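Hi there,

Here is the structure I promised to pass on to you. Have a look at it first, and then read on for what turned up.

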Amino acid sequence: MGEFPAELPRRRDPAPARTAHNDTGATSRPRHYAALDLGTNNCRLLIARPQGDGFAVVDAFSRIVRLGEGLAATGRLSDAAIERTIAALRVCADKLRRRNVTLARSVATEACRRADNGTQFIARVLRETGVHLDIISAEEEARLAVLGCHVLLEPGDGPALVFDIGGGSTELVLIDTAGPVPTVRDWHSAPWGVVSLTESVGANRDDSTRVATYARMRALVTESFAPFAARLPRPPSFAVTPPRLLGTSGTVTTLASVHLGLERYDRAQVDGLIAPAAAMRAISRDLAGKTLAQRAALPCIGRERADLVVAGCAILEGILDLWPAERLGVADRGIREGILRRLMETGS
């Protein structure tokens, strides 16, 4: 199962800003830190400065690049996907320069881990943009996601499950919050994310096969979770300590937006939302039954997510089967926030 750090520092949400001063009493220029997360589907950048016990966002960037498009069939990153991604990374590089970032870390995840030409892509990115991407393991990806979002867990005793549905994989982390700091009890990385599952099974476009396609997705997810499911605590322990569940990903934030009936995405309403698990499951099944055009017409899904959201729904339902919590916490934060906390605390 690979090494995983036992403890994660407990952090509070950002406190009010404090002004830094140098030894002469003059106000000093704030230090800027940056975290870049290149996933199978998205390229995301966050630039922040320390503030209280947390940080204040200075600049941000997010673009759907679909780096892993076609990877399941060919084992390689396609030329078109590479060009899209490098164009996004040029924007990130420009922001890093203009914001005078003191310290940054840029990571790449499942698509680059899996692709035969992943290392060549990393070298080209460095050569053409100056961005040095570090291909991190699934273990570190899971750790950073938990570090970035665990403050949003509902209070309670007993274990909690934190998950991150990505483009190429899904990370599941079981943590215990009974002590002074959260303790990682177990973790699992499944090879299905919204891109990899969609490409392996199909995009759920045909009316006549829609139900069967979704059932196939659900079955693959359940199979991939089986080793982890066998290790998880089960009832009657849940009767004493109800299970807590927290998700971070485009899937859960998108479904939360649908649940709230938002006309446009609003992070302030979504990040930290606690939604009924039954409602999220019902939304998942409803979306899986819609046509591509019907999903695209929903304002918080649109054309860019319409073909991938069904795979995310199948993965989420698999997680709800695995960990039968009554409520689902939603986090619009994760790997980037985890990286920023690490950079500000340890400088690495």
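**What was found**

Let me start with Arg-303, which sits in helix H13 (residues 302–306). Please keep in mind that this is a predicted model. Arg-303 counts as exposed because its relative accessibility is 78%, where over 50% is the cut-off. Its C-alpha atom is separated by 8.2 Å from that of Ala-293, 10 residues apart along the chain.

**The open sheet**

Next comes an open sheet of five strands, in the order E3-E2-E1-E4-E5 and with mixed pairing. Each of the edge strands, E3 (54–64) and E5 (133–135), has a single partner strand, so one side of each is left without a neighbour in the sheet. On average, and ignoring direction, neighbouring strands here are turned by 20 degrees against each other. Strand E4 (residues 103–108) and E5 run parallel and are joined by three bridges. In this sheet, Ser-106 stands opposite Leu-133 in E5.

Which helices go with these strands? Helix H2 (residues 79–98) lies across strand E1 (33–38), strand E2 (42–51), E3 and E5, and runs at about 155 degrees to E3. Helix H4 (residues 118–129) also packs on the sheet, where it touches E1, E4 and E5. The direction of H4 makes about 165 degrees with that of E5.

Is E7 enclosed or open? Seven of its seven residues are buried, so E7 is largely enclosed by the rest of the structure. Both of its faces are covered: Thr-170, Leu-172, Leu-174 and Asp-176 are buried on one side, and Glu-171, Val-173 and Ile-175 on the other.

**Helix H7**

H7 has 20 residues and reaches 27 Å from first C-alpha to last, close to the 28 Å expected at 1.5 Å a residue. There is a bend of about 30 degrees at Glu-223, and Pro-227 follows within four residues. Among the buried residues of H7 are Arg-210, Tyr-214, Met-217, Leu-220, Val-221 and Phe-225. The cover over the buried residues of H7 includes E6, E7, E8, H6, H11 and H14.

Nonpolar side chains tend to be buried together in soluble globular proteins. In this model, the largest nonpolar core has 48 residues, and Phe-163, Leu-197, Leu-245, Leu-316 and Ile-319 touch the most other members. The elements that give two or more residues to this core include strand E6 (159–165), strand E7 (170–176), helix H7 (210–229) and helix H14 (309–322). H14 gives the most, with 10 residues.

What does Leu-316 contact, leaving aside its neighbours within four places in sequence? The list is Phe-163, Ile-165, Val-252, Leu-255, Met-280, Ser-284 and Leu-328. There is also a second, separate core of 27 residues, with Leu-67, Leu-71, Cys-112 and Val-131 among them.

Do write back with any thoughts once you have had a look.

Best wishes

Definitions and conventions: Residues are numbered from 1 along each chain as its sequence is written. This is a predicted model: local features need pLDDT of at least 70, side-chain atom pairs count only at pLDDT 80 or more; totals for chains, interfaces and linings use all residues. Side-chain values use heavy atoms; hydrogens and water are left out. A nonpolar core is a set of buried Ala, Val, Leu, Ile, Met, Phe, Trp, Tyr and Cys residues joined through side-chain atoms within 4.5 Å. Buried means under 20% relative accessible area, exposed over 50%, partly exposed in between (1.4 Å probe, protein chains only). Contact means heavy atoms within 4.5 Å. Two strands pair if DSSP finds at least two bridges between them. Axes are lines fitted to C-alpha atoms, for helices over the stretch in contact, and angles run from 0 to 180 degrees between N-to-C directions. The expected span of a helix is 1.5 Å times one less than its number of residues. The bend at a residue is the angle between axes fitted to the seven residues ending there and the seven starting there.
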